[in-house]
Amino acid sequence: MAGISSNGLAIEVKRLRKTFGRTLVLRDLDLEVRWGQVLTLLGPNGSGKTTLLKILAALVRPDTGLLRVAGLNGTRSGRRIREAVGVVLHDTLLYDDLTGYENLMFFARMFDLDQAQERIDTVTDQMGVATRLHQRISTMSHGTRQRLNIARALLHDPLILLMDEPENGLDQEALTLLDDVVSCHKSLGRSALITTHDLDWGVALGDQVAILSRGTVAYQESLNSMGVTTVREAYARHTGARI
């Protein structure tokens with residue numbers, strides 16, 4: 001698996017561009033995330049957040065630009081990047097006709113995990129779904145599916161978490177578990193990039209904030225001395241919208 005890069009960056013993006021047909025989705029985008037940091041990514045719907053995460057996860061190829069994830073070249077090392085990142089998207093990637101356990105065992109085999117049962121026990125305990133493992137995905141509530149979706153992303157013990165609005169559908173108990181997961185991940189010197197529309201939660205969780213507008217990062221700052229009001233004002237200034 002990839003390791004911590006010498007320049008201290010978990011994610012490095014420069015002049016990234018992506019089009020779908022005639023639609024320019026990402027334009028000359030620059031972004032950096034350091035090891036041991038959580039970046040909260042904000043932006044209106046349609047600003048390119050999900051496309052960016054899919055590119056960082058080596059699920060979509062960019063048109064042009066420099067991209068390094070966990071020290072790996074983003075256009076040449078897709079398989080190794082997928083091993084280094086844990087991804088939570090709106091699509092859970094879970095198979096509805098299988099149980100939670102069958103899904104996790106499938107992904108454990110895909111990642112060729114040596115101690116699959118131990119990892120399944122660990123991640124389902126982290127997200128509080130150990131007692132629901134033998135239930136089929138199709139019969140689960142949205143919140144339970146999302147808990148299992150996050151457990152799936154943690155299964156192979158990734159270096160970087162890429163999470164697209166992971167709080168959606170979670171109750172307060174599950175949100176607290178997610179906070180603990182991200183905090184533990186960060187304490188190990190690992191990194192996370194998390195998109196959200198919940199400004200208060202995103203500011204509390206992140207070390208840095210970036211605002212995506214019209215396909216490019218319009219703003220990126222440390223959250224050390226910044227409150228919710230300042231971020232909300234920056235968001236309105238750079239996007240013309242409210243959050």
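1. Let's start with Thr 92: setting aside neighbours within four places in sequence, Thr 92 is in contact (heavy atoms within 4.5 Å) with Gln 146, Asn 149 and Arg 152. Thr 92 is in the loop between β6 and α3, where helices (H or I, at least four residues) and strands (E, at least two) are DSSP runs numbered from the N terminus. With a relative accessible area of 16%, Thr 92 is buried; that word means under 20% relative accessible area, while exposed means over 50% and partly exposed is in between (1.4 Å probe, protein chains only).

2. A word on what you're looking at. This is a predicted model, in which local features need pLDDT of at least 70 and side-chain atom pairs count only at pLDDT 80 or more, while totals for chains, interfaces and linings use all residues. Residues are numbered from 1 along each chain as its sequence is written, and side-chain values use heavy atoms, with hydrogens and water left out.

3. Take Ile 11 up close. Neighbours within four places in sequence aside, the residues in contact with Ile 11 include Leu 31, Leu 56, Ile 160 and Leu 162, as well as Glu 32 and Arg 68.

4. On to the rings. Rings of Phe, Tyr and Trp (its six-membered ring) pair if their centres lie within 6.5 Å; planes under 30 degrees apart count as stacked, over 60 as edge-to-face and the rest as tilted. There are two aromatic pairs here. Tyr 95 and Phe 106 have ring centres 5.4 Å apart and planes at 85 degrees, so they are edge-to-face. This pair links distant parts of the chain, with Tyr 95 in the loop between β6 (85-88) and α3 (100-110) and Phe 106 in helix α3. Phe 106 and Phe 107 are also edge-to-face, with centres 5.3 Å apart and planes at 85 degrees.

5. How does that cluster sit? Ring pairs link Tyr 95, Phe 106 and Phe 107. Tyr 95 is partly exposed at 43% relative accessibility, Phe 106 is partly exposed at 35%, and Phe 107 is buried at 8%.

6. Last, the charges. The charged end of Arg 152 sits over the ring of Phe 107, 5.7 Å from its centre; that takes CZ of Arg or NZ of Lys within 6 Å of the ring centre and within 35 degrees of the ring normal.
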